[in-house]
Amino acid sequence: VYENLVRENGCCSQQVMDCVLLEILSKDISDANLSHQYYVLCVYEYLQRQILKEKWKKLLNSKHQLLIEGTILITQWINPLSVITSTSIENEIDRITELVANELLISSTDEHTATKDPVHTTS
């Protein structure tokens with residue numbers, strides 16, 4: 001499998017490296033050399049962070065900076081083994097927004113500043 005990817009892409013592409021490293025990391029612990037797994041994890045995280053640094057630089061230099069893109073990069077930096085997509089971030093933001101809105105509705109009173117109507121306030 002990897003030989004075909006290497007032949008198609010010239011030398012080791014990022015995809016090939018990711019596949020090989022993740023395959024080693026996913027092996028059953030009882031069948032794996034724990035030292036190898038540890039060092040593979042270190043190499044994988046290092047490579048991912050180098051890629052993320054470049055993506056971060058591009059995002060900062062871009063005229064169209066998106067909050068979601070920055071959130072994805074930060075999340076991947078903190079947890080390089082996680083699979084984060086813009087859809088999952090958007091869903092999480094929607095979920096948090098809904099929770100906050102519901103909490104405001106539950107705790108709202110006429111005295112709550114977030115629910116006051118600025119036109120009809122009484123002094």
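**Exercise 1. What percentage of the 123 residues in the protein do buried residues make up?**

Before we start, some ground rules: this is a predicted model, where local features need pLDDT of at least 70 and side-chain atom pairs count only at pLDDT 80 or more, while totals for chains, interfaces and linings use all residues. Residues are numbered from 1 along each chain as its sequence is written, and side-chain values use heavy atoms, with hydrogens and water left out.

*Solution.* 
- Step 1: Buried means under 20% relative accessible area, exposed over 50%, and partly exposed in between (1.4 Å probe, protein chains only).
- Step 2: Read off the share. Buried residues account for 15% of the 123 residues.

**Exercise 2. Describe the pattern of helices and strands.**

*Solution.* 
- Step 1: Helices (H or I, at least four residues) and strands (E, at least two) are DSSP runs, numbered from the N terminus.
- Step 2: The protein has 5 helices and 0 strands, giving the pattern α-α-α-α-α along the sequence.

**Exercise 3. Work out which residues of helix H4 are buried and how they are arranged.**

*Solution.* 
- Step 1: List the buried residues of H4: Gly70, Ile72, Leu73 and Gln76.
- Step 2: Look down the axis of H4. Its buried residues fall within an arc of 160° (taken from the directions from the helix axis to the C-beta atoms), so they line one face of the helix.
- Step 3: Check the other side of H4, where Leu67 and Ile78 are exposed.
- Step 4: Find the cover. Helix H3 (34–61) and helix H5 (86–107) are included in what covers the buried residues of H4.

Terms used
Contact = heavy atoms within 4.5 Å.
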